[in-house]
Amino acid sequence: MINYKKTLSHALFLVCAFTASGELSARQFPVFSDGDRICFMGDSITNAGDYMCHINLYYATRFPQDKISFYNCGISGDVAPGVLSRMDNVFSYRPTAAALMIGLNDARAALLDPDKKHSEDELRKAAAAQETYRDTVSEIMDAVLAKKVKLIAITPSIYDDTVEVERKRQPGRAKVLQEYADFIRQAAAKRKAPVADFHSFMLAINAREQAKNPKFTVVGEDRVHPTFGAAFVMAYKFLKDTGVPALVSGMEIDAADANVLRAENCKVAGLKKSGGALEFSCRANALPMPLYDDVLDSAKLVDFYGDLNREMLLVKNLDGGKYALSIDGKKVGEYSARELAQGVNLAQNPDTPQMEDAKNIAALVRNYRNEFRDYIVKVQRVEHSFKGAPSNPPLSAEEYKRIAREKIRIIEPRNDGDKRVGQFKEFIKLKDAEADILKSFEKLNSEINAAGKAAVGKTRTYKLEKLNEG
């Protein structure tokens, strides 16, 4: 069972003091806080919105009183020069922080097959591509910092050249990405920016799991793109590397004299003992983070509940036997006196009322991810394709629409079912409504925040009742 006291020693907030009521006033200082607006820059893996969705959900449930907004600035197929060309778009969201993960597509231009002898020209081109990557990433980082925006560097996710799947390998791509990951760490250290090291972590998980199952991959069968579940592992690493707290809330109660020994990130009141029952109320400042159904298997790859999701209830000196736990009149589980004395992590219980509230927030967060991703795909990705080379500067809204109309004029008369006609028509329609679309994202962010505030505003009633033995 979980050693709660040991865990608390690691999970205690940095600033803490017990009040007369037994509540621990506490707050760690994570990388994001109230009022922050975070842009995630990158390629298709960022564009998918998956790892960002899990990070968003953590903050929405762990710090529900804070208004923290997340913005997807990833474009499928993009490279570092493309990100640099889009910085005006990134800054249009008025970010206070920006996270950068780029390199998967840049690596293609720098590939060298280790089993082949390459010409001087091939070697020169590969070296030039790597130099372009390093120079451009440095320029992006400096552009972020010049705006007094917090920078979070993310090492590129892996190319899995070791998994046994049908997809043909691209020799040398994994090696180039490892070199890019090394550079990201160095560039971030030079600028004193935090690093979320996806690359090393994903390689380590792959090595561990492929030793047991050669067909395992922490990404997808295309060797590149993580599933929504696999992206949870990336989000876990981001949260760990940026120093967020593990604790949701913690209650320690002595049943012998009905005394609250410890209350962390919550307020416990009204403790009373009657016969074989123990009752009290609790108002927590955070919610447990729920897992989406399509994340459950991937979550087993990491110690999510131990490292990031601890909603602890510890009750000492209960009479031996088994107890039913009810919250707000709803029975949520049965625990032995031994289990309760060692500490029960309620975040692992899917039936608590607070978890139900958290699941509602999770639905809002995923809807936000879906809406934002659709906008990126249907508007910004089309714009990116219209401007030619990724490094070309952006065009005006009217110029983008003019290009779309011209392409429709050329393609539509063919009457060959080319889907681009519908895509370009939808692009023009969405471009005309873009201001309202962007406002809708702010509204969705506000709805997530409001749902969190409403949930932690509830004082919940707990009851432990001893069950009849036999």
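Trainee: Which ring does Lys147 lie over?
Mentor: Phe91. In this predicted model, Lys147 lies over the face of Phe91, 5.3 Å from the ring centre.

Trainee: And Arg366, what does that one lie over?
Mentor: The face of Phe228. The distance to the ring centre is 3.7 Å.

Trainee: Switching to the sheet. What's the strand order?
Mentor: β4-β3-β5-β6-β7. The sheet is open, has five strands, and the pairing is parallel.

Trainee: Which strands stand at the edges?
Mentor: β4, residues 69-74, and β7, residues 195-196. Each has a single partner strand, so one side of each is left without a neighbour in the sheet.

Trainee: How many bridges join β3 and β4?
Mentor: Six, in the parallel sense. β3 covers residues 37-42. Cys39 stands opposite Tyr71 in β4.

Trainee: Tyr71, buried or exposed?
Mentor: Buried. Its relative accessibility is 1%. The cut-off for buried is under 20%, so Tyr71 qualifies.

Trainee: OK, aromatics. How many pairs are there?
Mentor: The structure holds 28. One of them is Tyr71 with Phe372. The ring centres are 6.2 Å apart and the planes are at 75°, so this pair is edge-to-face.

Trainee: Why does that pair tie together separate parts?
Mentor: Because Tyr71 lies in strand β4 and Phe372 in helix α13, residues 353-386. The two parts are 301 residues apart in sequence. Phe372 is buried too, with a relative accessible area of 1%.

Trainee: What about Phe232 and Phe304, what kind of pair do they form?
Mentor: Edge-to-face. They sit 5.2 Å centre to centre, with 75° between the planes. The pair links distant parts of the chain. Phe232 is in helix α9, residues 228-241, and Phe304 is in helix α11, residues 304-308. That puts them 72 residues apart. Phe232 and Phe304 are both buried.

Trainee: Which rings link into a cluster?
Mentor: Phe32, Phe40, Tyr51, Tyr58, Tyr59, Phe63, Phe70, Phe198 and Phe238.

Trainee: Now the core. How many residues are in the largest nonpolar one?
Mentor: 114. Those with the most contacts inside it are Phe32, Met41, Tyr51, Tyr59 and Phe238.

Trainee: Which element gives the most to that core?
Mentor: Helix α13, with twelve residues.

Trainee: And what lies apart from it?
Mentor: Another core, of 26 residues. Among them are Ala263, Phe280, Ala284 and Leu340.

Key: Residues are numbered from 1 along each chain as its sequence is written. This is a predicted model: local features need pLDDT of at least 70, side-chain atom pairs count only at pLDDT 80 or more; totals for chains, interfaces and linings use all residues. Side-chain values use heavy atoms; hydrogens and water are left out. Two strands pair if DSSP finds at least two bridges between them. Helices (H or I, at least four residues) and strands (E, at least two) are DSSP runs, numbered from the N terminus. Rings of Phe, Tyr and Trp (its six-membered ring) pair if their centres lie within 6.5 Å; planes under 30 degrees apart count as stacked, over 60 as edge-to-face and the rest as tilted. Buried means under 20% relative accessible area, exposed over 50%, partly exposed in between (1.4 Å probe, protein chains only). A charge sits over a ring if NZ of Lys or CZ of Arg is within 6 Å of the ring centre and within 35 degrees of the ring normal. A nonpolar core is a set of buried Ala, Val, Leu, Ile, Met, Phe, Trp, Tyr and Cys residues joined through side-chain atoms within 4.5 Å.
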